[in-house]
Amino acid sequence: MYCVRNITEDLYWVGGNDRRLALFENIHPISRGVSYNSYLLLDKKTVLFDTVDWSICRTFIENIQHVLAGRPLDYMVINHMEPDHAACIEEILLRYPNVKIIASEKAVLFMHQFGFHIDGKQTIVKEGDTMSFGKHKVVFVAAPMVHWPEAMVTFDTTDGVLFTADAFGTFGALDGKLFNDEWNSERDWIDEGRRYYTNIVGKYGPHVQSLLKKAGGLDIKYICPLHGPVWRNNFEYLLDKYDKWSRYEPEEKGVMIVYASMYGNTEAAANDLATKLVKKGMTNVVMYDVSQTHVSYLISETFKYSHIVLASVTYNLNIYPPMLNYLSDMKALNLQKRTVALIENGSWAPQSGKLMRECLEDMKEMTILEKEVSLNSSMKDDDQDIFNDLAESIIESMK
Ligand code: FEO
């Protein structure tokens, strides 16, 4: 059964939702599912903007057939080649053998790499190229590394519609709500939008900045990403978040405490520090057990808060493995500009503090507080002063 929605009079959303997939990219949990968006324009020519993941191909085809209502499909614009959007290219070619593919040179290369048989059907476009489909004229804008090197965005200058590939997307199925004003941004979008951005595109902040600058020169009425809602207002909110995230600036002054604890002693120390911070007036404190929280959530929160406390037990003379994994992800995603405090624990050779410091020193513009706590097995009454000093030092660094 088809399920489509109009965006403008002649532009339709023809995508779908996947609520069965447990892990996006086989790594990120998506408890609320994900949408794969595709858009179909009915002009003098008919134009499909991107396809969808193989998992929802049946619905996708039914949607296209319903909207076309017997018309041929003339063009397929491919903005992004990752298979969550490009998997159904060959299925479209089989059903609409006369369709012409419009894509960047690198996207065409990727089509060959993925084994698609497209020869003779492609038109390669580059930055600034334009094309008319009748009433609608589009311009193609390169968006390399947002999120892959072949990515581009397409701007419909007639109706002000920007097809943004992965940019401005989010985890979470649409649940019938296609437009951003049908979502509550702070309740429904922000946490999953941030987790999506930071884990999928977070590494490529400078490239996102470049795209934001290009988009700033366009008269945009609709932002159509490949995941999540279509934005038709409140652009300032969306662009402000993307600007902060891509410059690696925190959203909030606050303290995120991430602890690695085997038997509860490091956790008790982290609890004590959190309590001292709150008692001293810093109430914007959140705590996460690194073993219990998927690293994609930790990364998202790390992009949100200004100050991070890492408390880790020493394990096999190294950093506790889940904490090491978190630190590796921070580095891989280019996280920077945070102030970090360290607590180490170890029963005979504590050295996780030194090792975490080395990891952090390998990242850009990280401020590591000099005050560092080293515990032998557990926090004692005698440690109250050094924990007070650590809390003071964190608060002082916020001024
Ligand atoms: Fe949603 Fe980079 O693909």
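Let's start where two helices touch: Val 295, Leu 298, Ile 299 and Thr 302 in helix α9 meet Asn 325, Tyr 326, Asp 329 and Met 330 in helix α10. Sorted by class, this contact of α9 with α10 has five nonpolar residues, two polar ones and one charged one. Keep in mind that you're looking at a predicted model.

Now look at how those helices lie. Helix α9 covers residues 295-304 and helix α10 covers residues 321-332, and their axes come within 10 Å and cross at roughly 50 degrees. As for handedness, α9 passes α10 in a right-handed crossing.

Next, jump over to strand β14, residues 152-156. What makes β14 largely enclosed by the rest of the structure? Five of its five residues are buried, and that's why β14 counts as largely enclosed. You can check this face by face: Met 152, Thr 154 and Asp 156 are buried on one side, and Val 153 and Phe 155 are buried on the other.

So who are the strand's partners? Strand β13 (residues 137-142) runs antiparallel to β14, and five bridges join them. Strand β15 (residues 161-163) is also antiparallel to β14, joined to it by three bridges. Phe 155 is a handy landmark here: Val 139 stands opposite this residue, and in β15 its bridge partner is Leu 162.

Finally, follow the chain from β14 into β15. The two strands form a hairpin with four residues between them, and in the turn Gly 160 has a positive phi of about 70 degrees.

Conventions
Residues numbered from 1 in each chain as written. Predicted model: local features only at pLDDT ≥ 70, side-chain atom pairs only at ≥ 80, totals over all residues. Heavy atoms only, no water. Buried < 20%, exposed > 50% of the residue type's maximum accessible area, 1.4 Å probe, protein only. Pairing = 2+ DSSP bridges. Axes fitted to C-alpha atoms, helices over the stretch in contact; angles between N-to-C directions. Left-handed = near helix turned anticlockwise from the far one by under 90°. Contact = heavy atoms within 4.5 Å. Nonpolar A, V, L, I, M, F, W, Y, C, P; charged D, E, K, R; others polar.
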